[in-house]
Amino acid sequence: MTPTTLAPAAAGSATAVAPGGRRRRVLMIISRYGTLIGLLGMIVAFTIKAPTTFLTLPNFLNILNQSSLTAIIAAGLTMTLVVGEFDLSIGYVASFAGLIVVGFVARDGLPVLIGIPLVLLIGAAIGTVNGFLVTKVRINAVIATLGVGTILVGLGFAYSSFPIAAGVPAEFISIALGKPILGIPNPIFIMLVVLAILWVILNKTDLGQKMQAVGGNIEAARLSGIRVDRVKMFAFATAGVCAAITGTLLSSLLGSGTLAAADGYLLDAFAAVFLGSATLRDGEFHILGTLIGVLIIAVGFNGLSIFGAPTFFQPIFKGAILVLAVGLSTLARRYSKA
Amino acid sequence: MQSEPTAWLQVRQFSKHFGGARALSEVDLDIHRGEVHGLVGANGAGKSTLIRSLAGVITPDSGTVTIDGVETRIARPSDAEAAGLAFIHQELNLVPHFTSVQNILLGAPKAKRFGMVDWKTSRRVATEAAERIGVQFPLDRRVDELSVAERWLVMISKALARNATMIAMDEPTASLSDAESHQLFTVVRDLAADGVAILYVSHRLDEVLDLSDRITVFRDGRVTETAVRGDLDKRGLIRAIVGREVAAATRPEAKVVDRVDPIFEAKSVSRGTAVKDVSFQLYKGEVLGLGGLVGAGRTEVARLAFGADKIEGGHFELQGKAVAPNSVPLAVANGIGLVPEERRSEGLMLDKSVAYNMNIAVLESLRSIPGLPFLSSAKGRVRAQGLVDQLSIKTSSINERIGGLSGGNQQKALLARWLTPNIKVLFLDEPSRGVDIGARQEIHAAIRQLADDGIGAIVISSDVEELAVLCDRVVVLCEGVVSGEIVGDEITEQKIIELSYAHIDPQGENE
């Protein structure tokens, strides 16, 4: 009962416990700022290794330009993850949209100003179908969007089993490859506009707040009078539109509509969004984070190509990034609650 | 105290901080074998931090544990188990589709024969543990087919199968009926007589006083009182918990309510077997209670009025006009709100801020320009801050994560969510469950204020005392049917309990 005799033991155990707390703090810092530190680290390392090729304005613009397409589709994906759902169809939606938009403007001769809005509308419709299947039919989002995506692969084949390259109007090509304004390529502007719009929706409108509520606690959201199904459908529709934008831009860059051209964006988008969720905010999906995630992947790839890494290294890097990203995101969520 | 033998378990100088907040401060605690040790204190007083430290779920910043004379380090749950400490939480960590035997043996070292699990011996261990506390039901039934009381017995058997010397129980009677509670008390006493130490955590002070050999009271992370049986009565215990004298619960001055035009009315409302032909009126200025046992149809009625479930018969009338709330948004638009029973799972976005959680149901009214979907952060801030001040919600700022607040303050924030100019009727389902006494009184005051402001408040509670001290009128449900209505001074705990059992057992099985 006399505390004095016990004091030494208490002090001893105090030093014994401290490392646990410190480790926790370190992990929290890593999970919150790790992605940013990683990005800066890569930039510094590449600059030291290849000062003349890496840290140049043209290369910097090149990285941004290449990231634009990924950033747009990933921002759309962010919206579905914010409401607590998944969309595995976005890569296929982008490929499908990229194919039919060229079909519209090159084969069917539709004006670009009609063909593109039409394709974006189709993207929204596909997203709405996804949302309908998930909310009303109550199919697991992974299955529903994988099914819809696979159907789109088939529809793409049915539409054209070979690339459509003939008769692509110059104004369509110029969307992505037009004369840069102030030296900045068009896709960067388009990306900034899309991301700004989504950021405003998510953070400054009641719809965005509701989306976050639905993702945070769906039952509480429902009992707060939020039309949960509609909110989710909106998120899926947005993801569809963003995928269609990416697909359209890709076709404009390639100058043709090609089957399966944009399928690979799915993995990049997921990696970027999860990396982003571990950035600054503890495991929450957000637009700025997604952009940083996209940049990390783009800088990494840029570095790989500058240093002439063998091709097989690219999928290894991509897969590793995806695993790392989801790991960091999970860590961030865990330690934010400690 | 000096003459006491050395305790089996000695906690010395436990301290723990979360961020800047002190959760435990130099806490000493002695637990003897064979005693029931009551642990009481307001929410956030430190009880659960202490328990979680002993369970190895969190690590205290400093302090020691000595068990049976040996200083023991509890860094993880397996250390606690090895030391003979078992913990039963309200949520009862059972695998629902496993049988009782499987659950009892889950994770326990099993007897082996030739390197294979010897199920026969293992089974005997489980059966012996269950028999020790007089389990009557067959152990081969799946746990999800058992009642809550039976699940508690499975959890206790599980602890005994691991040779636990101390079992900590967190709010064991929260979901039990009176008869079931008494059955559990018998088990607790028998275990103590058998040399097991029971650490009994509860807000139900009568129970704690009745059962405990010793009681330790926590306040603000410190032990403020350690009393031996007979030292304290309920009043003294409350004083130790709150740190000030609390007036004995009394009914408020009977309010003269003009019971002419109801602002809200249920007319022969039905849904399946849960709600059968339920009618009641709510008049302006009164707090209406919905009483009855858990499962009597109270929550179900609220969910029907709120549009969360589909109504199958009858209708509701709001200020004389029939409303058919077939969706929550419609009910909200009509001015009906619901503070749900399960605060964390149905009410809060735990990771979001206090302001966010308060404003989420009224976002349309916080737009910068009506008609455009853009929010005014200033309007949101002003509303949240106003409500925080009005209900004296304790939070460092409206931007704090709501998950970090105490239960009482979370509850107040949920209530605040519905305080809009549009609100007409607010259902509050178990508004003070798991909330400490001080917060409870503040919540009650807030509910009374609602009624005084002309908002219809309907309180659902399993706590008959709460209904008795808070409500102007109580409608009691029993098996989905209204079994009685009591007004003003007729409202006593006794009367509510009688009506709650009105249909089940006319002879009155409850003691």
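## Report on a predicted two-chain model

In chain B, residues 24 or more positions apart account for 68% of the contacts with a separation of 6 or more, two residues being in contact if their C-beta atoms, placed from the backbone, lie within 7 Å. The structure is a predicted model, in which local features need pLDDT of at least 70, side-chain atom pairs count only at pLDDT 80 or more, and totals for chains, interfaces and linings use all residues. Residues are numbered from 1 along each chain as its sequence is written, while chains are lettered from A and ligands numbered from 1 in the order in which they are written.

### The two chains

Chain B contains 17 helices and 22 strands; helices (H or I, at least four residues) and strands (E, at least two) are DSSP runs, numbered from the N terminus. The radius of gyration of chain B is 25 Å, close to the 24 Å given by the globule rule for 511 residues, so chain B is as compact as a globular protein of that length. This radius is taken over C-alpha atoms, and the rule is 2.2 Å times the number of residues to the power 0.38.

Chain A has 13 helices and zero strands. In chain A, 79% of the contacts between residues at least 6 apart in sequence join residues at least 24 apart. A residue is buried if 20 or more other C-beta atoms lie within 10 Å of its own, exposed if 12 or fewer, and partly exposed in between, with C-beta atoms placed from the backbone.

### The contact between the chains

The contact between the chains takes 25 residues from chain A and 33 residues from chain B. On the side of chain B that touches chain A, the elements giving two or more residues are β1 (9-18), β4 (62-67), α10 (328-334) and α11 (343-347) of chain B. By class, this side of chain B has 16 nonpolar, eight polar and nine charged residues. Here Ala, Val, Leu, Ile, Met, Phe, Trp, Tyr, Cys and Pro count as nonpolar, Asp, Glu, Lys and Arg as charged, and the others, Gly among them, as polar.

### Nonpolar cores

In soluble globular proteins, nonpolar side chains tend to be buried together. The largest nonpolar core has 175 residues, of which I73(A) and A457(B) touch the most other members; a nonpolar core is a set of buried Ala, Val, Leu, Ile, Met, Phe, Trp, Tyr and Cys residues joined through C-beta atoms within 7 Å. Helix α10 (residues 228-254) of chain A gives the most to this core, with 16 residues. At least three residues come from each of domain 2 (250-335 + 422-511) and domain 3 (352-414) of chain B. Apart from this core lies another, of 69 residues, including A45(B), V101(B), I104(B) and I198(B).

When neighbours within four places in sequence are left aside, I73(A) is in contact with I90(A), A94(A), C242(A), A243(A), T246(A), Y265(A) and A269(A).

### Domains of chain B

Chain B is assigned domain 1 (9-242), domain 2 (250-335 + 422-511) and domain 3 (352-414); such bounds come from an automatic or database domain assignment. The centres of domain 2 and domain 3 of chain B, taken over C-alpha atoms, are separated by 27 Å. Nine residues of domain 2 of chain B are in contact with seven residues of domain 3 of chain B. Helix α15(B) supplies four residues, the largest share of the side of domain 2 that touches domain 3. That side of domain 2 divides into six nonpolar, one polar and two charged residues.

### Individual residues of chain B

G454(B) lies in the loop between α15 (437-452) and β20 (456-460) of chain B. G454(B) counts as exposed because it has 10 C-beta neighbours inside 10 Å. Not counting residues up to four places away in sequence, G454(B) touches K284(B) and G285(B). G454(B) and I263(B) are 191 residues apart in sequence and 9.4 Å apart in space, C-alpha to C-alpha.

D277(B), in strand β14 (residues 275-283) of chain B, is a residue other than glycine with a positive phi, near 55°. D277(B) is partly exposed, with 14 other C-beta atoms within 10 Å.

Q319(B) is not a glycine, yet has a positive phi of about 50°. Q319(B) lies in the loop between β16 (313-318) and β17 (321-323) of chain B, and is partly exposed, with 16 other C-beta atoms within 10 Å.
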